Amino acid sequence: MNSSHNRKNKLKDYCHITSSKRIYASDYVDNGIPFIRGREIVQRFAHDGELRSNLYISREKFELIKNKYGAPEKGDILITSVGTLGIPYIVTSDDEFYFKDGNLIWFKNIEKLNSTFFYYWLLSPIGRSQLHKCTIGTSQSAYTIERLKEIEIDDLSLTKQEKIASILSSYDDLIENNRRRIQLLERSARLLYREWFVHLRFPGHEHAKIVDGVPEGWENNHLGDVAPLNYGKSLKKSNREIGPFPVYGSSGIIGYHSCSLISGPAIIIGRKGNVGKIFWSYDDCYPIDTVYYIENKNCSYYLYYALKNITFISTDVAVPGLNRDFAHSRSVIIPDDKILRLFENYASDIHRQIYLLIKEIDTLSKVRDLLLPKLMNGEITICKQPKPNSSIS
C-alpha cells in the first residue's frame, strides 16, 4: 500500500476549534462541577486514571455558560496548549466539567472525522509533526487556534478511520482492563491488611491477649528503626538517557533511564509534591530527589501496606514536603513471625499476578505504539483487525 495519501484537508474543515470562556479565581467553589486545567489532562494521560480536579465551579455558573456557549460533549477532544503540549483527551458520555482558557484548546462539532481516530492521529508521528508547526513562543511554547485550523490531515474515508481506531483502541481496552484488575488485586491485599492489622481480626485473634494496645508478641516501633528512609538523587530530564530503568518522582514513574540508582524491589515515598505517596518498584529503579526510598533488604509487602496506612502530612507548615525525622517518628506495628509470614505469602501471590499484568501492559503498549505510525501512514494494509488477547486468565 502506498505510504502516503494524496488528498489532504484542513482541520478547520472537520471541526470547530475554540477554547472556553474565562473563569476567574473568584468563581471557584468548594464543591460543584470539576474545573479542568492542562495539568489534569497530562496527569490522566500519564496514569490513565479518571479525569480529576481539586477545583470546582458552581452548577449555576456551569449551566449559565453551557446554555449560552456550550460545554464539552461526548466525542469532543481537548488538547493541552501550554506547558506540556499536545496531550489529547477525548470526552466521554460520563464527563461533566468545564476547563481553563489558554490551557486547553477544544475541538467540537466534529464531522466526517472519527473522534477516536483523531485522538490517535494527534499522538502519531504525523500528527505530532503537524502540531509542531502550530507552536509559538520560545521561553514557553504554546499552540494558537488559528494555526491549529490550518493543520493538514489525510482525507480518509470514515470506514477506514473507524477500522484504524478500532484496532488501536482494542489494545487500549485490554490495557485498561488489566489496570482495573491490578486495582482490584491491590484492593484485596489492602483490605486484608486493614482487617488483620487495623481492626486486629487476624487468624487466632479470638485467643490473643492485648498488651499495651497490641497483641502479645507484637511490637510497636518507629519507622526509622524498622526501615530508615534514604534520599533520592537529582536527575534532570535533560540528563536522562533512554533505558529500561524506571525513574520515580512523587507522582510515580516519570520516565526511564539507562542506569539504576538502587536494586529492586524497593518502596518509594513521596517527599515533595505528593507527600507520603507510596509506590512499590518491582525492578531496579532510579528514585529522584523528590522522594525517599527504602532499600530492598528492608522491604516487605507488609511494610508497603503499613506505610499506606500512615499519615505523613506534618502540621508544621514551616517545613515544606516530608521531613525525614518526622517520617521516622511514625509508628509501625510489627506482628509476630507467624502472622507476618501468612500475610507475606498472601500478598506475594497477589503481587505476582500484578507484576505479570504490568509486564503485559508494557508489551501491549509497545505493540500499539509500533502499529500507530504504520496504520496512520498506510504502511499496513487494513484487511482484518488483529485481536490482541491477554495471556493472563
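This is a predicted model: local features need pLDDT of at least 70, side-chain atom pairs count only at pLDDT 80 or more; totals for chains, interfaces and linings use all residues.
The chain has 393 residues, of which 43% count as buried, and its C-alpha atoms fill a box of roughly 75 × 50 × 40 Å along the principal axes. Its secondary structure consists of ten helices and 23 strands. Among the contacts in the chain with a separation of 6 or more, 72% are accounted for by residues 24 or more positions apart.

## Helix packing

Two packed helices are described by the angle between their axes and the distance between the axes. On the side of helix 3 the contact is made by Trp 121, Leu 122 and Leu 123, while helix 4 contributes Pro 125, Ile 126, Gly 127, Arg 128, Gln 130 and Leu 131. Sorted by class, the contact of helix 3 with helix 4 has six nonpolar residues, two polar residues and one charged residue.

Helix 6 (residues 158–198) and helix 8 (residues 301–308) form another pair, whose axes come within 10 Å and cross at roughly 80°. Helix 6 and helix 8 are therefore also described as roughly perpendicular to each other. Here Glu 186, Ala 189, Arg 190, Tyr 193 and Phe 197 of helix 6 make the contact with Tyr 302, Tyr 304, Tyr 305, Ala 306 and Lys 308 of helix 8. The residues of this contact of helix 6 with helix 8 divide into seven nonpolar, no polar and three charged.

## Salt bridges

Side chains of opposite charge can pair when their charged atoms come close. A search of the whole structure finds 18 salt bridges, and the table gives some of them.

| Salt bridge | N to O distance |
|---|---|
| Lys 10 and Glu 150 | 2.9 Å |
| Glu 150 and Lys 12 | 3.1 Å |
| Asp 369 and Arg 368 | 3.1 Å |

The side chains of Lys 10 and Glu 150 meet in a salt bridge that links distant parts of the chain, with Lys 10 in strand 1 (residues 8–10) and Glu 150 in the loop between helix 5 (145–149) and strand 12 (152–154), 140 residues apart. Lys 10 counts as partly exposed because its relative accessibility is 27%, and Glu 150, at 36% relative accessibility, likewise counts as partly exposed.

The salt bridge of Glu 150 with Lys 12 also links distant parts of the chain, since Lys 12 lies in the loop between strand 1 and strand 2 (16–18), 138 residues apart from Glu 150. Lys 12 is partly exposed, with a relative accessible area of 41%.

In the salt bridge between Asp 369 and Arg 368, Asp 369 counts as partly exposed at 42% relative accessibility, whereas Arg 368 counts as buried because its relative accessibility is 17%, and buried means under 20%. Returning to Glu 150, salt bridges that share partners join Lys 10, Lys 12 and Glu 150 into one network.

Technical notes:
Residues are numbered from 1 along each chain as its sequence is written. Side-chain values use heavy atoms; hydrogens and water are left out. Contact means heavy atoms within 4.5 Å. Helices (H or I, at least four residues) and strands (E, at least two) are DSSP runs, numbered from the N terminus. Ala, Val, Leu, Ile, Met, Phe, Trp, Tyr, Cys and Pro count as nonpolar, Asp, Glu, Lys and Arg as charged, and the others, Gly among them, as polar. A salt bridge is a side-chain nitrogen of Lys or Arg within 4 Å of a carboxyl oxygen of Asp or Glu. Buried means under 20% relative accessible area, exposed over 50%, partly exposed in between (1.4 Å probe, protein chains only). Axes are lines fitted to C-alpha atoms, for helices over the stretch in contact, and angles run from 0 to 180 degrees between N-to-C directions. Angles under 35 degrees count as roughly parallel, over 145 as roughly antiparallel, 65 to 115 as roughly perpendicular and the rest as oblique.
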